[in-house]
Amino acid sequence: MKERLKELQTEALNQVEAAEDVKALQDVRVAYLGKKGPITEVLRGMGKLSKEERPVIGQLANDIREDIANAIQEKQEKLEEVALEKQLEEETIDVTLPGRPVKVGGPHLLTSIVEEIEDLFIGMGFEIKEGPEVETDYYNFEALNLPKGHPARDMQDSFYITEELLLRTHTSPVQARTMGKKDGKEPVKMICPGKVYRRDTDDATHSHQFTQVEGLLVDKHVRMSDLKGMLDKFAKQMFGDEREIRLRPSFFPFTEPSVEMDISCKVCNGEGCSICKGTGWIEILGAGMVHPNVLEMAGYDPEEYSGFAFGMGPERIAMLKYGVDDIRHFYTNDIRFLKQYHKA
Ligand code: 2U9
């Protein structure tokens with residue numbers, strides 16, 4: 001029995017030595033140390049041995065098992081090490097290679113322009129307010145001196161949802177709502193940027209959805225000269241200190257008097273060119289003194305309070321500032337257009 005066990009030991013150790021991979025090693029383990037293996041088989045026959053021989057053979061069998069198990073373990077570690085070396089060699093990383101550039105996004109041109117406008121007005125003490133894009137007929141028209149049947153309602157063909165609800169055609173209802181909350185007493189100094197909707201056919205200068213920034217200042221003793229001074233400051237900060245402004249009479253139902261503001265053309269410096277259509281001036285925004293009816297509907301006494309308001313289209317501002325020739329570029333998201341305006 002002793003010889004048989006020694007034979008098995010030699011056989012097993014040879015096979016361990018010969019194993020070329022972990023799988024082969026595993027097979028040796030199962031073959032020699034498993035329950036159905038030859039060593040277990042030999043041990044089963046121990047019953048036939050004498051009392052004296054039994055512990056000797058038992059001890060020897062255990063020593064041999066341990067010897068084989070240790071050899072397997074050692075070989076396994078060696079094989080794993082070799083496998084790891086091979087893998088590392090195959091997967092060598094060249095740490096000196098330059099990294100792949102990560103594409104970094106940036107704010108949309110329209111977002112940047114709106115933020116620039118916001119910053120300028122925050123600098124002049126205006127608050128930023130937002131309101132719903134689905135509006136009531138009352139706040140979108142009625143409260144702005146556009147009663148039902150008013151011809152100016154035709155000026156803005158609207159997207160109606162129900163008879164009383166529509167997509168706002170301007171951001172003015174945000175101002176009407178803000179004024180309405182002041183009990184006719186506190187002053188208001190706000191701008192409201194946001195999306196507006198009109199039933200227009202889209203082309204290079206029109207879009208059924210576009211952006212507005214409107215502003216409102218209501219207080220005691222607000223005069224047209226306050227409006228003009230503030231607009232001049234805005235124009236110079238937005239378009240450069242060399243720009244002059246001029247106000248032309250206009251009409252809006254919610255302001256009286258109403259004006260449109262031009263800035264001197266920066267391309268020809270007022271000489272007249274194709275950009276300003278030979279006039280030397282470019283229209284930028286509309287404005288005026290808040291109509292007494294609008295003040296009254298919001299709860300202010302027009303004898304005591306007055307205000308000015310203005311409205312502009314950031315798309316138009318961006319088009320003039322950066323020479324964008326089609327409003328649709330703002331919404332079609334062609335990356336070749338957008339990335340030209342990403343700041344580093
Ligand atoms: C209240 C009272 C008055 C807002 C105003 C304009 C003039 C104006 C247009 C310019 C181009 C909008 O983007 S645009 O289409 N806006 O010309 N907006 S005064 O007047 C108000 C608003 C709210 C309560």
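Valine 134 is located in strand β2, which spans residues 134–136; strands (E, at least two residues) and helices (H or I, at least four) are DSSP runs numbered from the N terminus. The model is a predicted one, in which local features need pLDDT of at least 70 and side-chain atom pairs count only at pLDDT 80 or more, while totals for chains, interfaces and linings use all residues. Residues are numbered from 1 along each chain as its sequence is written, and side-chain values use heavy atoms, with hydrogens and water left out.

Valine 134 counts as partly exposed because its relative accessibility is 41%; buried means under 20% relative accessible area, exposed over 50%, and partly exposed in between (1.4 Å probe, protein chains only). Together with Ile161 and Leu165, Val134 forms a nonpolar patch on the surface, with about 230 Å² of accessible area for the three residues together. Patches consist of residues with over 30% relative accessible area and no salt bridge, nonpolar side chains (Val, Leu, Ile, Met, Phe, Trp, Tyr) being joined within 5 Å and like charges within 9 Å. A salt bridge is a side-chain nitrogen of Lys or Arg within 4 Å of a carboxyl oxygen of Asp or Glu. Accessible areas come from the Shrake-Rupley method with a 1.4 Å probe, and for residues only the protein chains shown count as cover.

The domain assignment of the protein chain gives domain 1 (2–90) and domain 2 (109–341), with bounds from an automatic or database assignment. The centres of the two domains, taken over C-alpha atoms, are separated by 89 Å. UniProt, in an unreviewed entry, lists residues 61–92 as "coiled-coil region"; the positions are given in the numbering used here, feature names are shortened, and annotations may be inferred rather than shown by experiment. In the model, residues 61–92 are 94% helix and 0% strand, with 46 Å between the end C-alpha atoms.

Strand β7 covers residues 255–264 and includes serine 264. Serine 264 counts as buried, its relative accessibility being 6%. Apart from neighbours within four places in sequence, serine 264 contacts (heavy atoms within 4.5 Å) Glu242, Arg243, Glu244, Gly280 and Trp281. Proline 257 is also placed in β7, and a cis peptide bond with omega of about 0° joins glutamate 256 to proline 257.

Positive phi values occur in aspartate 183, at about 65°, and in asparagine 269, near 55°. Aspartate 183 is in the loop between α7 (172–180) and β4 (188–197) and is exposed, with a relative accessible area of 63%. Asparagine 269 lies in the loop between β7 and β8 (281–290); asparagine 269 is exposed at 54%.
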